[in-house]
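Student: I would like to learn to read sheets, helices and contacts. Can we take them one at a time?

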Amino acid sequence: MPSNALSDIGGDTAISFDGVSKHYSLALQKEASDVKSMILHLPRFLSNARRPFVALDQINLRVRRGESVGIIGPNGSGKSTTLRIMSGITPPTSGKVTINGRVSALLELGSGFHPRITGRENALLNAVLLGLTLKEAHEVLPDIIAFSELGEFIDQPMRTYSSGMFFRLGFSVSVHVQPEILLIDEVLAVGDAQFQDKCMEHIHGLRRKGVTLGLVTHDMLSLPKFCDRGILIEHGHITDEGSPQQIVHNYLARVEALLALRVEDQLELKVAQAVPS
Amino acid sequence: MVIHRQARRSWDLLYLLTLRELKLRYEDTFFGFLWSLIRPLLQGAVLFVVLRKFIRIEVEDYHLVLLAGLFPWTWFQTSLLLAVGAFAGNGGLIKKVYFPRFVLPLATVLNNGVQYALSIPVLVILLLFSGYTPNWTWLIGIPYLLIVEAVLIMGIVLFIASLDVYFRDLEHLTDVFVGLIWFYLTPVIYPLSIVPAKYHDWVLLNPMASLIEGWRQLFLHNQIPGADMWPALVFAVAIAVIGAFSFSKMQGGFADAL
């Protein structure tokens, strides 16, 4: 299936990236940003030395409505940047992004929860923050509370919550805001095994309802479980794409080869040290 | 309907955040809401003693003139100081959730506006004691001036809070400029009438001067401010446009800059 068929952004496309790049500029000298160091390092300050960092380089990507795509790759390869661009949190430096549908992004559970107000008040505010109107939020609030299994704790200030309770409420709000596109970044491991099962089941339920899913994960087992397609991102490029099993297999094989290479290097080094020339 | 939905949500968020700030401010305090009245009243009392009794400023019903200016000024100053860091101080949220971010500073303005509105009854009681009686003009004058001041403050905070993401010195600049310079150049602790006539034109160029004088005109003379208010009106519209424009230009970079 062509992943860069961009001319046909029609009814069946949920997300499309057309030559999308994201650059960050990293200051070479962090200190050169106040008056004192500006005077001390005037030549450097004037040259304005900045190193561009390419987080994503000319990415083409198309996700169909109802499709579930898993993104894997090493740390710092651009996976999370991709999700952040999809969710609208940050715009691309260049290229065209098209999103068809209401997005909810679980980049961090419980963002915006305030410790001094109750779980109920936080859940309501969070639901509106994540995409509902107040009326809709009131309607789904009972479901959110029931799903979180917080019982009477829901009316306690959130500072009294354990981290498990905190995340349970965060997850519960995030999956009840009725997204058409759900983006998840490494937040599936929530609560105890039983609650995790429930979360997984809920996500499967959303998929059956036709919700488009974008998943960033390091968990190679959950990729084939949730996704129709796997994408491998390395150094800001899509380097592999295909069935989830295939992608995970290829990726693990490469990681293994890399590790083996490293072990070999070390062995050679040791041999070289052991044998005086 | 997407645009309508977004507008609806922004309004709901503004409402919920304002409510949360109001609640948080008084949560776990003994005096609770009374703090909103205690602070400006104490400040007014001290200023009255110092300026009326020690320095002997010659103004009739000085305590009323003072509070009629100090209350609306407090809304302005507190909003600016608290809202300038509204984006810079909420990096965690801005980097993780996409939502209409302009609600963050505007909720602070609304929250302080509610505080101000609740302090008006105190002023009414003091006015009644001194033989002033509010009349129907207040029904038009209060909403009118509330809207002008709200638009003016919201424009300023959208502008400075957006810039503050890239230039944190603005928090200190705002503190110095508003608290130490703007405050004294605005007829807050003195009425415009005490300023020598040759300076009037200059003083009135300050939009806050015409606004504060407008509030006094309403509270003390039951008059709806008219043409004298033009600097505040022009400035409010201009800064609202500038604020909205600069916010929409800068907000894309917030998540990367924080």
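Student: How many bridges join strand β6 to strand β7 of chain A, and do they run parallel or antiparallel?
Tutor: The general idea comes first: strands of a sheet pair through backbone hydrogen bonds, either parallel or antiparallel. Here β6 (181–185) and β7 (212–216) of chain A run parallel, joined by five bridges. Two strands pair if DSSP finds at least two bridges between them. Helices (H or I, at least four residues) and strands (E, at least two) are DSSP runs, numbered from the N terminus.

Student: What should I know about the model and its labels?
Tutor: This is a predicted model: local features need pLDDT of at least 70, side-chain atom pairs count only at pLDDT 80 or more, and totals for chains, interfaces and linings use all residues. Residues are numbered from 1 along each chain as its sequence is written, while chains are lettered from A and ligands numbered from 1 in the order in which they are written.

Student: Which residue in β7(A) stands opposite A:D185?
Tutor: A:V216.

Student: In what order do the six strands of the open sheet in chain A lie?
Tutor: Read β5-β6-β7-β3-β8-β9, with mixed pairing. β5 (103–106) and β9 (237–242) of chain A are at the edges with a single partner strand each, so one side of each has no neighbour in the sheet. From one strand to the next, the twist averages 15°.

Student: How do β8(A) and β9(A) pair?
Tutor: β8 (229–234) of chain A pairs with β9(A) in the antiparallel sense, over five bridges. A:I233 has A:I238 as its bridge partner.

Student: Now helices. At what angle do α4(A) and α5(A) pack?
Tutor: Axes are lines fitted to C-alpha atoms, for helices over the stretch in contact, and angles run from 0 to 180 degrees between N-to-C directions. α4(A) and α5 (134–148) of chain A pack at about 130°, with axes 9 Å apart. The pair is therefore oblique; angles under 35 degrees count as roughly parallel, over 145 as roughly antiparallel, 65 to 115 as roughly perpendicular and the rest as oblique.

Student: Which residues of α4(A) meet α5(A)?
Tutor: A:R120, A:A123, A:L124, A:A127 and A:V128. Contact means C-beta atoms, placed from the backbone, within 7 Å. Ala, Val, Leu, Ile, Met, Phe, Trp, Tyr, Cys and Pro count as nonpolar, Asp, Glu, Lys and Arg as charged, and the others, Gly among them, as polar.

Student: Where do the axes of α5(B) and α6(B) come, and at what angle do they cross?
Tutor: The axes come within 9 Å and cross at roughly 145°. α5(B) contributes B:P105, B:L106, B:V109 and B:G113. Residues of α6(B) in the contact include B:L146, B:A150 and B:I153. The classes are 10 nonpolar, one polar and no charged.

Student: How many residues does the contact between the chains take from each?
Tutor: Chain A gives 22 residues and chain B 20. α4(A) gives the most to chain A's side, with four residues. That side divides into 12 nonpolar, seven polar and three charged residues.

Note on methods
Contact = placed C-beta atoms within 7 Å.
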